[in-house]
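Biologist: I am new to this structure and would be grateful for a guided introduction. May we proceed by question and answer?

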Amino acid sequence: MPTYVAFLRAINLGANRKFPKADIVRVVESVGFTDVETHINTGNVRFTTPMRSRAKIEKTLEDAFAADRGFDVPTIVFTTAELKAIAAEASALTAANPGLARHYVYLLKEEPSTESRTRIAALDSAAGEMVVSGRAAHALLGPGYQAGSVDALKAEKLLGVATNRNLNVITAIADKWC
């Protein structure tokens with residue numbers, strides 16, 4: 001049975017969007033998925049399911065999360081092979097760009113259009129650059145980056161539905177589950 005990793009967007013932010021790890025596990029199991037495990041409390045969950053359609057898996061989870069929580073939880077799903085490739089690319093980009101202040105990996109529901117990719121590339125600045133590869137976008141932030149700003153390049157709106165994790169979280173999850 002295939003194994004997937006889902007990344008939940010915009011949970012555990014403020015008082016109204018709480019979604020503890022135990023509840024995530026319970027809800028994912030309630031839709032029939034198995035071998036459910038979470039990693040830290042930021043919405044990272046691994047599971048197995050016989051379902052093969054990413055869109056159907058995402059919809060099944062989003063519907064179950066909304067029913068349980070009372071708010072929408074955008075969910076972005078990858079196979080373990082896809083996630084392993086994203087983590088390897090992230091590590092290679094970091095190695096090729098010594099001196100980065102921060103490396104965020106945006107995980108995308110859909111690949112950006114050619115027009116969006118062009119607009120994203122035009123945002124490169126002293127703060128850094130965004131490298132888009134399939135359904136992942138790497139914010140490579142240099143010394144011009146201001147601490148505390150996740151979207152320093154102002155590219156997030158061009159990426160579509162996305163969530164981000166820092167390089168350490170992406171590599172830890174890939175090492176653990178892939």
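Predicted model: local features only at pLDDT ≥ 70, side-chain atom pairs only at ≥ 80, totals over all residues.

Biologist: Are helix 3 and helix 5 parallel, antiparallel, perpendicular or oblique to each other?

Modeller: The axes of helix 3 (residues 80-96) and helix 5 (residues 167-177) come within 9 Å and cross at roughly 135°. Angles over 145 degrees count as roughly antiparallel, and 65 to 115 as roughly perpendicular. Helix 3 and helix 5 are therefore oblique.

Biologist: How many nonpolar, polar and charged residues does the contact of helix 3 with helix 5 have?

Modeller: On the side of helix 3, the residues are T80, L83, A87, A90, S91 and T94. Helix 5 meets them with L167, I170, T171, I173, A174 and W177. By class, the contact of helix 3 with helix 5 has no charged residues, four polar and eight nonpolar.

Biologist: How many charged residues are in the contact of helix 1 with helix 2?

Modeller: These two helices pack at about 125°, with their axes 10 Å apart, which makes helix 1 oblique to helix 2. Helix 1 contributes D23, R26, V27 and V28 to the contact, and helix 2 contributes L61, A64, F65, D68 and R69. Of the residues in the contact of helix 1 with helix 2, five are nonpolar, none is polar, and the number charged is four.

Biologist: Which elements each supply at least two residues of the largest nonpolar core?

Modeller: The largest nonpolar core has 20 residues, of which L8, F19, V28, F47, L61 and F65 touch the most other members. Those supplying at least two residues each of this core are strand 1, helix 1, strand 3 and helix 2.

Biologist: Which residues does V28 touch, not counting residues up to four places away in sequence?

Modeller: V28 is among the residues that touch the most other members of the largest nonpolar core. With residues up to four places away in sequence left out, V28 touches F33, V36, V45, F47, L61 and F65.

Biologist: Is I40 buried, partly exposed or exposed?

Modeller: I40 lies in the loop between strand 2 (34-38) and strand 3 (44-48), and has a positive phi near 45° although I40 is not a glycine. Most residues other than glycine have a negative phi. The relative accessibility of I40 is 39%, so I40 counts as partly exposed.

Biologist: What is the relative accessible area of A10?

Modeller: A10 is in the loop between strand 1 (3-8) and helix 1 (21-30), and its phi is positive, about 60°. A10 is partly exposed, with a relative accessible area of 23%.

Notes: Residues numbered from 1 in each chain as written. Heavy atoms only, no water. Axes fitted to C-alpha atoms, helices over the stretch in contact; angles between N-to-C directions. Helix = DSSP H or I, 4+ residues; strand = E, 2+ residues; numbered from the N terminus. Parallel < 35°, antiparallel > 145°, perpendicular 65-115°, else oblique. Contact = heavy atoms within 4.5 Å. Nonpolar A, V, L, I, M, F, W, Y, C, P; charged D, E, K, R; others polar. Buried < 20%, exposed > 50% of the residue type's maximum accessible area, 1.4 Å probe, protein only. Core = buried A, V, L, I, M, F, W, Y, C linked by side-chain atoms within 4.5 Å.
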